[in-house]
Amino acid sequence: MSTNLAEARTGSGAHVQPTGGGLGADILGVDVANPGEADMAIIRQALLDHLVIRIRGTAIDDPAFERFGARFGELLPSPDFTRSRPTYLRDAPNVTVISNVTEDGKPIGEHGDGELHWHTDLAFTDTPSALTMLLAREVPPTGGNTSFTNMYAALEAVPQDLRARLTRLRLKHQASHNAQGGKRPGYQDIETDDVREMPGPQHPIIRTHPESGRQALYLGRRFGSYIPGLPLAKSEALVEELWSYAVQPGHTWAQEWRVGDLVIWDNRCTMHRRDAFTGLGRRRMHRLTTRGERPV
């Protein structure tokens, strides 16, 4: 079908351009300040097909960003025990600031400028987030790139005999430490380094996406992972093997940020990480997440 005919039938000038990596696509021809229903339908389908989407050159304020995000579902601020309240915006209370910038000696955002290891947002809660949206307000000249990996492809790489075994296993996602390894508020008294004793919910290792119906490997974070019922050494060995399938280069794609980039990803079938950018400049990102469901 020609582009013009497709636009006439959908009522949208939007079109999808895959990144050529293991996942991801650019959405072109959309005004995120005022997207029509046809535009939203294309964006939602692109998310199901490509797992991560990018819209470049946006020029929207935070209330408009919040309104756009709400088109995807109920917005979900970070849990009270993880959030730093000064990093929320008065005119867009569901937006979190992710930044290394300090003002008057205090950080204006979360997560600093170090590396963030592979993870899935809020996997350490009973109902992890569905989508995350990150809008670039300031970026350094280099560094701070975000990489994504396709967890559908990761599961497909798992040998069939092991995959059958995984259907009977669950993974505990520790809740006491953040992506940098620091203790979260409310867990300052945790002293154990035994993953079997760390707190956190148990989720299926293979989860089914509620919209696509596809199955994905679901690992959350490496630190603190434990497969209940297995001896510690066997759990560690199996978790290491599963991570080897998850982060194969053919499953990944890296986002090199520009000001105005809006990237949306599906936490139910992806993981992501961030490169360190210590000493490379200011970085300020505004984030939204949507409420998910208990993994099954």
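Predicted model: local features only at pLDDT ≥ 70, side-chain atom pairs only at ≥ 80, totals over all residues.

Trainee: How are the rings of Phe-148 and Trp-253 arranged, stacked or edge-to-face?

Mentor: A pair of aromatic rings is described by the distance of the centres and the angle of the planes. For Phe-148 and Trp-253 the centres are 6.0 Å apart and the planes stand at 15°. Planes under 30 degrees apart count as stacked, so the pair of Phe-148 and Trp-253 is stacked.

Trainee: How many residues apart in sequence are the parts that this pair ties together?

Mentor: Phe-148 belongs to strand S11, residues 146–150, while Trp-253 belongs to strand S16, residues 252–255. Both Phe-148 and Trp-253 are buried, and together with Trp-265 they form one aromatic cluster. Because Phe-148 and Trp-253 sit in these two strands, their pair ties together parts whose separation in sequence is 105 residues.

Trainee: Is Phe-68 buried or exposed?

Mentor: Phe-68 forms an edge-to-face pair with Phe-72, at 5.3 Å centre to centre and with 80° between the planes. The relative accessible area of Phe-68 is 2%, and under 20% is the range that means buried, so Phe-68 is buried.

Trainee: Which residue forms a salt bridge with Glu-110?

Mentor: Side chains of opposite charge can pair when their charged atoms come close. A search of the whole structure finds 18 salt bridges, and in the one that involves Glu-110 the closest N and O atoms are 3.8 Å apart. This pair links strand S8, which holds Glu-110, to strand S19, 177 residues apart, and the partner in strand S19 is Arg-287.

Trainee: Over the ring of which residue does the charged end of Arg-214 sit?

Mentor: Arg-214 lies in the loop between strand S14 and strand S15, and its side chain meets that of Glu-156 in a salt bridge of 3.7 Å, N to O. At 36% relative accessibility Arg-214 counts as partly exposed, whereas Glu-156, at 56%, is exposed. The charged end of Arg-214 also sits over a ring, 3.8 Å from its centre, and that ring belongs to Tyr-152.

Trainee: What volume does the largest cavity have?

Mentor: Rolling a probe the size of a water molecule over the atoms shows where empty space is left. The count comes to one cavity of 30 Å³ or more, and the residues of its lining divide into four nonpolar, four polar and two charged, among them Phe-124, Lys-172 and Ser-225. The volume of this largest cavity is about 50 Å³.

How values were computed:
Residues numbered from 1 in each chain as written. Heavy atoms only, no water. 1 Å grid on protein atoms, 1.4 Å probe; cavity = no way out; pocket = protein on both sides within 12 Å on 5 of 7 lines; lining within 4 Å. Points joined across faces, edges and corners; volume = space filled by probe spheres on them. Nonpolar A, V, L, I, M, F, W, Y, C, P; charged D, E, K, R; others polar. Phe/Tyr/Trp six-rings, centres within 6.5 Å; stacked < 30°, edge-to-face > 60°. Buried < 20%, exposed > 50% of the residue type's maximum accessible area, 1.4 Å probe, protein only. Helix = DSSP H or I, 4+ residues; strand = E, 2+ residues; numbered from the N terminus. Lys NZ or Arg CZ within 6 Å of the ring centre and 35° of its normal. Salt bridge = Lys/Arg side-chain N within 4 Å of Asp/Glu carboxyl O.
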